[in-house]
Amino acid sequence: MSQREWIEKDFYKELGVSSDASADDIKKAYRKLARDLHPDANPGDTKTEERFKAVSEAYAVLSDPARRKEYDETRQMFASGGFGGGFRPGAGSGGFSGGTTTFDLGDLFGGGGGGAGDAGLGDLFGGLFNRGGGGGARTTSRPRRGSDVDAETTLDFRDAALGVTVPLRLTNPAPCTTCHGSGARPGTSPRVCPRCNGSGIVSRNQGAFGFSEPCDDCRGTGSIIDEPCTDCRGSGVQNRTRTITVRIPPGVRDGQRIRLAGQGEAGLRGAPSGDLFVTVHVRADKVFGRDGDDLTLVLPVSYGELVLGTTVSVPTLEGRVGLKIPAGTADGRVLRVRGRGVPKRGGGAGDLLVTVKVAVPQHLDDQAIEALRAYMHAEQANGFDPRAGWAGA
């Protein structure tokens with residue numbers, strides 16, 4: 001749909017509803033009209049068929065909350081003179097000239113080469129006038145940036161914690177290796193479009209208004225290729241399978257996305273490439289867990305080691321270290337080894353948090369059983385009661 005149609009068409013009138021109609025009212029009105037006007041119910045009636053298309057077009061806009069809001073705001077701005085102190089056909093000032101009112105929408109929608117305010121309006125309405133069923137094009141001749149690309153990779157826990165370099169195999173549009181993205185056959189170059197003088201935009205008058213539209217000769221690019229590259233057919237891009245090396249930084253988390261600027265799809269005719277976003281999946285580790293930048297692990301110990309104290313060897317991401325267990329350590333206590341966790345982005349590393357857990361033997365020989373009973377008697381003789389003060393005891 002063109003800019004002019006968005007301004008001039010009254011979609012509410014097409015459906016026979018008020019501008020403040022609810023979504024249910026709009027749906028009911030459309031269903032009734034669509035049933036009455038459907039081509040199957042009116043074979044050979046071209047007038048009714050055109051009416052059916054207009055009703056369907058109106059419903060496509062008004063049934064989408066986002067598009068309806070943009071449509072309402074745009075019509076309100078033009079009706080109330082929201083651009084440059086009043087928009088009234090026939091006015092003789094404020095940017096209008098002579099007896100015929102000329103209102104160049106290129107100035108409003110990014111084609112006028114104005115300041116920051118013009119650029120903002122271009123961004124606001126540049127997508128709005130491309131959403132209709134007519135497939136309208138943008139009114140600016142900016143290079144068409146390549147699309148962003150999503151990829152995934154799965155890492156072992158330790159590789160994700162320490163960082164790793166992985167190869168990624170991608171198949172997507174990339175700059176043509178023959179014409180290097182220009183779209184022109186090697187030895188030739190694109191020429192400036194003579195119709196729009198390289199702007200990609202042409203203006204025309206429609207009644208009292210002047211409209212800026214993409215140039216048909218160059219399709220809004222501002223240049224014409226007389227001898228297209230035979231490999232990419234003038235687009236400047238080709239589908240290629242390539243392998244790139246991606247550096248995964250230390251400390252990446254499961255589900256984290258990493259952005260690689262300029263590694264996405266190639267832009268048309270040398271325009272900037274999109275970005276590559278790599279989603280990282282991390283496999284669980286048999287030993288380590290993670291809590292922020294800290295590593296966690298559960299250390300099996302014997303009852304005697306907790307009672308008497310000892311020094312044990314525990315694993316880290318980079319080798320093993322000795323961990324001292326103080327005498328009388330309670331089961332489930334967390335011991336901290338500083339600086340042995342996950343590397344931090346700004347330098348340093350988290351800690352290793354070790355939870356001690358008593359491992360209970362399942363089978364004992366007679367000598368061990370007798371020794372354990374003697375120990376229990378010694379405990380009682382010393383007055384030790386593990387349930388003293390517990391549950392009101």
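Is Asp217 buried, partly exposed or exposed? Asp217 is partly exposed, with a relative accessible area of 48%. The legends below describe close-up views of a predicted model.

**Figure 1. Overview of the predicted chain.** The chain contains 10 helices and 15 strands. Of its 393 residues, 34% count as buried. Among contacts with a separation of 6 or more, 63% are between residues 24 or more positions apart. The structure holds 15 salt bridges.

**Figure 2. Helix 3, residues 23–37.** The 15 residues of helix 3 should span 21 Å at 1.5 Å a residue, and the end C-alpha atoms are 21 Å apart, which agrees. The buried residues of helix 3 are Ile26, Ala29, Tyr30, Leu33, Ala34 and Leu37. Viewed down the helix axis, these buried residues fall within an arc of 130 degrees, so they line one face of helix 3. Lys28, Arg31 and Arg35 are exposed on the other side of helix 3.

Figure 3. Arg242 is buried but has no salt bridge. The nearest side chain of opposite charge is that of Glu265, 8.8 Å away. A polar atom of the Arg242 side chain lies 2.7 Å from the backbone oxygen of Gln263. Leaving aside neighbours within four places in sequence, Arg242 is in contact with Leu168, Arg169, Leu170, Asn172, Gln263 and Gly264.

**Figure 4. Salt bridge between Asp226 and Arg191.** The two side chains meet at 2.6 Å, N to O. Asp226 lies in the loop between strand 6 and strand 7, and Arg191 in strand 3, so the pair ties together parts that are 35 residues apart in sequence. Arg191 is partly exposed, at a relative accessible area of 37%.

**Figure 5. Salt bridge between Arg195 and Asp217.** The N to O distance in this pair is 3.7 Å.

**Figure 6. Asp351 and its charged and polar partners.** Asp351 sits in the loop between strand 14 and strand 15 (352–358). At 12% relative accessibility, Asp351 counts as buried. The side chains of Arg338 and Asp351 form a salt bridge of 3.5 Å, N to O. Both residues of this pair are in the loop between strand 14 and strand 15, 13 residues apart. Arg338 counts as exposed at 65% relative accessibility, whereas Asp351 is buried. A polar contact of 2.9 Å joins the side chains of Asp351 and Arg336. Arg336, Arg338 and Asp351 are linked in a network of salt bridges. The Asp351 side chain also reaches the backbone nitrogen of Gly339 at 2.9 Å. Beyond neighbours within four places in sequence, Asp351 is in contact with residues including Asp293, Asp294, Leu295 and Val337.

**Figure 7. Val337 in strand 14.** Strand 14 covers residues 334–337. Val337 is buried, with a relative accessible area of 12%. Not counting residues up to four places away in sequence, Val337 touches Val321, Leu323, Asp351, Leu352 and Val354. Leu295 is 42 residues from Val337 in sequence, and the C-alpha atoms of the two are 9.7 Å apart.

**Figure 8. Positive phi at His180 and Arg233.** His180 is a residue other than glycine, with phi near 60 degrees. The loop between strand 2 (164–175) and strand 3 (191–192) holds His180. At 68% relative accessibility, His180 counts as exposed. Arg233 is not a glycine either, and has a positive phi of about 60 degrees. The loop between strand 6 (223–224) and strand 7 holds Arg233. Arg233 is exposed, at a relative accessible area of 77%.

**Figure 9. Helix 10, residues 366–381, and Gly383.** Helix 10 has 16 residues and reaches 23 Å from its first C-alpha to its last. This is close to the 22 Å expected at 1.5 Å a residue. Gly383, which follows helix 10, has a positive phi near 85 degrees.

Methods
Residues are numbered from 1 along each chain as its sequence is written. This is a predicted model: local features need pLDDT of at least 70, side-chain atom pairs count only at pLDDT 80 or more; totals for chains, interfaces and linings use all residues. Side-chain values use heavy atoms; hydrogens and water are left out. Helices (H or I, at least four residues) and strands (E, at least two) are DSSP runs, numbered from the N terminus. The expected span of a helix is 1.5 Å times one less than its number of residues. Buried means under 20% relative accessible area, exposed over 50%, partly exposed in between (1.4 Å probe, protein chains only). The arc is that of the directions from the helix axis to the C-beta atoms. Lys and Arg count as positive and Asp and Glu as negative; His and the chain ends are not counted. A salt bridge is a side-chain nitrogen of Lys or Arg within 4 Å of a carboxyl oxygen of Asp or Glu. A polar contact is a pair of N or O atoms within 3.5 Å; within protein, one must be able to donate a hydrogen and the other to accept it, and residues adjacent in sequence count only if both atoms are side-chain atoms. Contact means heavy atoms within 4.5 Å.
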